[in-house]
Structure formats: structure tokens, C-alpha cells
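Thanks, everyone. Let's look at one residue and the sheet around it. Please bring up the model.

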Amino acid sequence: MNAPATNPEIVSAIPAGVYAETVTAVQHYTDRLFRFRMTRPQDFRFRSGEFAMIGLMVEGKPVYRAYSIASPAWDEELEFFSIKVPDGPLTQHLQNVQVGDTVLMRKKSTGTLVNDALLPGKRLYMFSTGTGIAPFASLIRDPETYEKFEEVILCHTTRDVAELKYGFDLIEEIKNHEFLSEVVGDKLKHYATVTREDYPFKGRITDNIRSGKMFTDLGVPPLDPAVDRGMICGSAAMLKETKQLLIDAGLNEGANNKPGEFVIERAFVD
Ligand SMILES: Cc1cc2nc3c(=O)[nH]c(=O)nc-3n(C[C@H](O)[C@H](O)[C@H](O)COP(=O)(O)OP(=O)(O)OC[C@H]3O[C@@H](n4cnc5c(N)ncnc54)[C@H](O)[C@@H]3O)c2cc1C
């Protein structure tokens with residue numbers, strides 16, 4: 001049951017037409033990153049990979065930001081993977097949420113990082129930096145992704161090794177999940193690289209695509225528009241550069257109303 005139902009003061013403060021959900025779990029990874037889970041409204045439907053507006057009441061006013069839903073469409077709860085911006089209007093407060101607290105969510109979700117926006121293919125690349133892994137956390141846990149693609153490659157680049165941990169936790173969770181482990185089998189590959197620390201796999205994802213290192217490391221052929229599909233989620237600069245590399249390889253950008261060979265979404269607004 002949601003906390004606001006038992007607290008008339010909070011109930012009266014919550015704006016009409018939004019969901020007020022209860023935090024069920026919080027996990028801090030670094031001083032910049034954390035994930036949390038919350039209850040899912042019974043009538044809330046979304047497609048894996050979409051984002052929603054989530055928020056908190058701050059000094060009597062709601063503050064909302066776009067957040068990729070990191071849990072898959074079948075999950076009974078909703079999961080989010082978040083940055084902590086020290087003076088950020090939302091995340092300076094959101095980083096302090098605890099189990100039992102209330103988080104607001106607008107009722108509509110949307111987004112382009114959905115399976116429907118891609119033409120059929122064989123191999124799906126998910127290119128992400130930082131919290132850009134969030135929509136892919138949803139998609140790699142959705143059986144539909146493995147119905148559409150024979151091979152799914154989750155590429156995640158962060159500054160430090162500690163920032164990769166959420167990605168590794170996701171892979172472990174899939175391996176230990178009774179049903180998902182069977183569906184996913186050996187179809188999912190995880191290519192994790194860091195830019196600022198010593199690590200077996202180093203470098204920006206764009207440099208590793210350009211040099212061919214990524215393909216050598218993964219043991220796969222270079223990008224081929226006939227079989228390869230891509231999804232990109234990162235900063236504006238990362239999107240621009242990765243998008244150009246895919247275009248140079250002959251892939252065309254798609255959208256919900258016109259599926260293509262790759263799709264993009266910003267992980268945040270600069
Ligand atoms: C489509 C979409 C999906 C998003 N999904 C997520 C998500 O799943 N998880 C998440 O943490 N954020 C996500 N964001 C960013 C999110 O909307 C907020 O910007 C973020 O939560 C910070 O909010 P804030 O109010 O504290 O600071 P803001 O005023 O929103 O941001 C302050 C500054 O912090 C930096 N910043 C903001 N977000 C990030 C980030 N995620 N990584 C690195 N630097 C950042 C930017 O330079 C920004 O100008 C998404 C944004 C968009 C547009």
C-alpha cells in the first residue's frame with residue numbers, strides 16, 4: 001500500500017493526475033550513482049526501453065525529470081538507475097529516498113529505444129555511457145528482445161570501474177533468474193569499458209568501434225546493415241559521434257512511426 005494513503009498531509013500535496021508510488025528498495029553504487037525500485041501502478045502500461053517523468057515534492061511543488069524505466073515491461077515493480085547531481089533540482093533530493101518514501105510519476109511513458117522502432121535483424125547492439133544503460137537494463141530483461149534478435153550486445157562505457165557495477169549486477173540477475181536465464185541463454189554479450197582507470201577493456205566506445213577493437217574483442221564481424229541493428233543512449237556528444245559511425249557503416253535511423261536500422265535517445269540534457 002502507498003504511504004500517502006495513510007498520511008492526509010501528503011495526500012493533499014500530491015498533484016492530481018499523477019501516480020504516487022512507494023519506494024521498495026534502494027542501492028547506492030558510488031557517490032554519483034544509485035538504483036531504486038518502487039511499486040508499479042496496476043494500470044500503468046509501458047514498452048520496455050521507454051522513459052517516464054518521475055518526481056518528488058520539493059518545498060510544496062512537484063519537480064519532475066525524464067527517467068528511463070530500467071525494469072522490463074513484465075516486472076511487477078518499476079526500477080530506475082539514477083545519477084546524483086550535487087545541486088540538481090531533483091537528484092539532490094532523490095538520492096536520499098528510502099524504502100517507504102513516495103515518488104511521483106506522470107501517467108504517460110514514451111521513447112524511441114523500443115524494439116518496435118527497429119527493422120528485423122540478427123544482432124542488436126546497445127551502445128550506452130553512464131546512466132544511458134538504463135533503457136537497456138529494461139530491454140535485456142525482456143524476452144521479446146531475444147525473440148527478435150539472435151544476439152544482443154550490451155556495450156557500456158563509464159569513467160571508472162565502480163560505475164560499471166550496475167551492468168554486472170544485471171547480468172548476474174539474468175543468470176540467476178529461473179525463467180530469464182533460459183530465454184537469454186548465451187545470446188547476451190556484455191562489453192564493458194572504462195575511460196579513466198586501468199581495466200582489461202579500455203577506451204571510449206566510439207574509438208573502439210572506429211579502430212575495430214570492439215569487434216575483435218567481441219569476436220564478431222564489422223557492422224553490416226543487412227544484419228546489425230543499433231540503439232544508442234548517452235550524452236549529446238556521444239549520440240552524435242556514435243550515430244555518425246553507424247551511418248558511415250550504412251545503417252539508417254528509425255523512429256516509432258518508421259522503423260529503421262538504429263535508434264537514439266539522450267541519457268540527459270546537457
Ligand atoms: C529521455 C531522458 C531519459 C533520462 N533518463 C535518465 C535515467 O534513466 N537516469 C538518470 O539518472 N537520468 C536520466 N535522465 C536525466 C534526468 O532527466 C535528469 O537530468 C537527472 O535526473 C538530473 O536531474 P536534476 O534535476 O538533479 O538535475 P538537472 O538540472 O536535470 O541536470 C543538471 C546537469 O547534470 C547533468 N546530468 C543530468 N543527468 C545526468 C545523467 N543521467 N548523467 C550524467 N550527467 C547528468 C547535466 O549536465 C545537466 O545539465 C534522462 C533524461 C532524458 C532527456
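Which strand do six bridges join to β7? Strand β10, residues 228-234, and the two run parallel. Strands here are DSSP E runs of at least two residues, helices H or I runs of at least four, numbered from the N terminus. Two strands pair if DSSP finds at least two bridges between them.

A word on provenance. This is a predicted model: local features need pLDDT of at least 70, side-chain atom pairs count only at pLDDT 80 or more, and totals for chains, interfaces and linings use all residues. Residues are numbered from 1 along each chain as its sequence is written, and side-chain values use heavy atoms, leaving out hydrogens and water.

Now the whole sheet. It is open, with five strands in the order β9-β8-β7-β10-β11 and parallel pairing. β9 (188-194) and β11 (262-266) are the edges; each has a single partner strand, so one side of each lacks a neighbour in the sheet. The twist averages 10° from one strand to the next, with axes fitted to C-alpha atoms and angles running from 0 to 180 degrees between N-to-C directions.

Zoom in on Ser128, in β7, residues 123-129. Its bridge partner in β10 is Cys233. Ser128 counts as buried because its relative accessibility is 1%; the cut-off is under 20%, with a 1.4 Å probe and protein chains only. A polar atom of the Ser128 side chain sits 2.8 Å from the backbone oxygen of Cys155. Ser128 also touches, among others, Ile133, Phe136 and Met238; contact means heavy atoms within 4.5 Å.

Key
Buried means under 20% relative accessible area, exposed over 50%, partly exposed in between (1.4 Å probe, protein chains only). A polar contact is a pair of N or O atoms within 3.5 Å; within protein, one must be able to donate a hydrogen and the other to accept it, and residues adjacent in sequence count only if both atoms are side-chain atoms. Lists of a residue's contacts leave out its neighbours within four places in sequence.
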